[in-house]
Amino acid sequence: MKTLTLAHLTISATPMETVDAACAAGFGRVGLRICGRRPGDPFATPVIGQPALIQALRDRAAQDGVAISNISAYQFYPDVTWDHLAPAVDTAHALGAGILVVNGFDNDLSRFADRLARYGEAAAAAGMRVALEFLPYSAVRTLGQAIEVIARSGAPQTGLLLDALHLERSGGTPADLAGLTPEQVVFAQLCDARRLSAPASDEALMQEARTARLPAGSGDLPLDDFLDALPPGTEIEYEVSRQDLADRSPRDKALAASADARRFMQGYDQRRAARQPARLTVEGALHG
């Protein structure tokens with residue numbers, strides 16, 4: 001479990017509770033949300049502009065032996081300005097995080113690309129990367145759009161956050177990931193879901209992503225193929241917000257996520273090992 005990251009959305013708790021829950025469940029890394037999705041949104045424990053809390057979080061993470069992997073701050077809406085974004089970069093850097101997550105809700109993709117460029121430049125100057133996550137209910141809905149926006153921005157140290165659920169719901173498949181390089185993929189998120197019998201509304205997709213993901217291996221997503229298609233060494237974050245655990249404590253949610261992730265990853269390793277001899281046989285026939 002030390003090789004996996006616990007997503008903040010898995011337990012929907014305060015940043016401090018999230019760090020402690022990750023430690024209790026044996027995760028080696030954690031993702032944190034440090035403010036609401038938009039300026040002015042209610043958020044229980046805002047971290048931006050709180051130096052004492054920032055230091056306390058750094059100290060607790062070090063004490064718990066949990067690395068702060070990624071930070072989610074404001075999503076890019078038309079009314080989100082650099083005055084909102086710059087403090088988020090500073091806070092992520094002060095926390096010792098390596099990644100800033102971005103979601104695009106600005107339909108003016110030219111303006112979005114310009115802001116992404118500035119965000120990427122500031123993050124790179126602070127020794128961090130930016131991970132653009134495409135969401136099928138946002139302005140950047142698909143893998144292709146995300147790649148295009150990143151290229152248009154020219155943002156340094158900026159790449160993709162690949163979510164198994166969003167890839168499926170946007171009409172993509174693991175085969176679409178072929179050819180992506182480690183430089184293009186910042187990290188990936190793992191969860192499961194049922195196949196949809198009919199197209200879903202943006203609102204339904206949003207609610208599913210935030211509150212109704214399934215444990216890996218309990219749904220219909222081609223997760224083995226998804227993991228196989230990722231560049232070697234890609235960081236994997238476990239993001240499963242389960243409805244049946246909504247009333248449980250952050251620690252209980254993290255422990256359940258740990259058990260689910262461990263069970264799935266052990267099975268995946270066994271299935272991959274079983275596939276390996278077949279690959280070697282084919283390669284030997286081709287090259288022998």
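Visitor: What volume does the largest pocket have?
Guide: In this predicted model, the largest pocket has a volume of about 550 Å³. It is lined by 31 residues, and those closest to its centre are His8, Leu9, Ser12, Ala13 and Arg37.

Visitor: Which elements give two or more residues to the lining of the largest pocket?
Guide: They are H1, helix H2 (15-25), strand S2 (29-33), H8 and helix H10 (250-287). The largest share, 4 residues, comes from H10.

Visitor: How do the residues of that lining divide by class?
Guide: The lining of the largest pocket has 13 nonpolar, 11 polar and 7 charged residues.

Visitor: What is the volume of the second largest pocket, and which residues lie nearest its centre?
Guide: Its volume is about 460 Å³. Of its 20 lining residues, Thr234, Ile236, Met265, Tyr268 and Arg272 lie nearest the centre. H9, strand S8 (235-238) and H10 each give two or more residues to this lining, and H10 gives the most, with 7 residues. By class, the second largest pocket is lined by 10 nonpolar, 4 polar and 6 charged residues.

Visitor: How many cavities does a search of the whole structure find?
Guide: The search finds 2 cavities of 30 Å³ or more. About 230 Å³ of space lies in the largest cavity. Among the 21 residues lining the largest cavity, His8, Leu9, Asn103, Glu133 and Glu239 are the closest to its centre. Helix H1 (8-11), strand S3 (67-72), strand S6 (158-163) and helix H8 (202-211) are the elements that give two or more residues to this lining.

Visitor: How do the lining residues of the largest cavity divide by class?
Guide: There are 6 nonpolar, 7 polar and 8 charged residues in the lining of the largest cavity.

Visitor: And what lines the second largest cavity?
Guide: The second largest cavity holds about 50 Å³ of space. Its lining consists of Ala164, Leu167, Glu168, Gly172, Pro174, Leu221, Pro222, Leu223 and Phe226.

Visitor: Now to the helices. What describes two packed helices?
Guide: The angle between their axes and the distance between the axes.

Visitor: Why is H2 called roughly parallel to H3?
Guide: H2 and helix H3 (residues 51-64) pack at an angle of about 5°, with their axes 10 Å apart. Angles under 35 degrees count as roughly parallel, so H2 is roughly parallel to H3.

Visitor: Which residues of H2 and H3 meet?
Guide: Pro15, Met16, Val19, Asp20 and Cys23 of H2 meet Leu53, Ala56, Leu57, Arg60, Ala61 and Asp64 of H3. This contact has 8 nonpolar, no polar and 3 charged residues.

Visitor: At what angle do H3 and H4 pack, and which residues make the contact?
Guide: H3 and helix H4 (residues 82-95) pack at about 35°, with their axes 9 Å apart, and H3 passes H4 in a right-handed crossing. Ile54, Leu57 and Arg58 of H3 make the contact with Thr91, His93, Ala94 and Leu95 of H4. Here the classes are 4 nonpolar, 2 polar and 1 charged.

Visitor: What about the angle between H5 and H6?
Guide: Helix H5 (residues 109-125) and helix H6 (residues 143-153) pack at an angle of about 60°, with their axes 8 Å apart.

Notes. Residues numbered from 1 in each chain as written. Predicted model: local features only at pLDDT ≥ 70, side-chain atom pairs only at ≥ 80, totals over all residues. Heavy atoms only, no water. 1 Å grid on protein atoms, 1.4 Å probe; cavity = no way out; pocket = protein on both sides within 12 Å on 5 of 7 lines; lining within 4 Å. Points joined across faces, edges and corners; volume = space filled by probe spheres on them. Nonpolar A, V, L, I, M, F, W, Y, C, P; charged D, E, K, R; others polar. Axes fitted to C-alpha atoms, helices over the stretch in contact; angles between N-to-C directions. Parallel < 35°, antiparallel > 145°, perpendicular 65-115°, else oblique. Contact = heavy atoms within 4.5 Å. Left-handed = near helix turned anticlockwise from the far one by under 90°.
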